[in-house]
Amino acid sequence: EVVCKADLIGAVRPKNDHSTALVHPTASINESVEIGAYSIVEKNVTIGAGTVIKEHAVIRENTTLGDDK
């Protein structure tokens, strides 16, 4: 499934993401996560504390990253 900008309307944006990053509203992202320019975070993604997503990254749906306590 391809993510389009319309799917991301109303998304809750992490405070450390770049304004050009697209984050799906179902993504669970710790407030300390940094998301780089033009990155895409698809639906049902979990990103844990301290994770840094660099520019142009694509995190595909149902992925879990970081903070594996």
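## Contacts and overall make-up

Among contacts in the protein chain (heavy atoms within 4.5 Å) between residues at least 6 apart in sequence, 4% join residues at least 24 apart. The chain belongs to a predicted model, in which local features need pLDDT of at least 70 and side-chain atom pairs count only at pLDDT 80 or more, while totals for chains, interfaces and linings use all residues. Residues are numbered from 1 along each chain as its sequence is written, and side-chain values use heavy atoms, with hydrogens and water left out.

The protein chain has eight strands and zero helices, where both are DSSP runs numbered from the N terminus, helices being H or I of at least four residues and strands E of at least two. Of its 69 residues, 32% count as buried, that is, under 20% relative accessible area, with exposed meaning over 50% and partly exposed in between (1.4 Å probe, protein chains only). The chain exposes about 4,400 Å², of which carbon and sulfur atoms supply 50%; the areas come from the Shrake-Rupley method with a 1.4 Å probe, and for residues only the protein chains shown count as cover.

## Confidence

The mean pLDDT of the protein chain, the predictor's confidence in each residue from 0 to 100, is 82, and 75% of the residues reach 70 or more. Where pLDDT is low, the predicted coordinates should not be read in detail.

## The three-stranded sheet

Three strands form an open sheet in the order β2-β5-β8, with parallel pairing, where two strands pair if DSSP finds at least two bridges between them. Because β2 (28-29) and β8 (64-65) stand at the edges with a single partner strand each, one side of each is left without a neighbour in the sheet. Strand β5 (residues 46-47) pairs with β8 over two bridges in the parallel sense, and T46 stands opposite T64 in β8.

Leaving aside residues up to four places away in sequence, V45 touches T26, A27, S28, I59, R60, E61, N62 and T63.

H24 lies in the loop between β1 and β2 and counts as buried because its relative accessibility is 12%. The side chains of H24 and T26 are joined by a polar contact of 2.9 Å, a term for a pair of N or O atoms within 3.5 Å; within protein, one must be able to donate a hydrogen and the other to accept it, and residues adjacent in sequence count only if both atoms are side-chain atoms.
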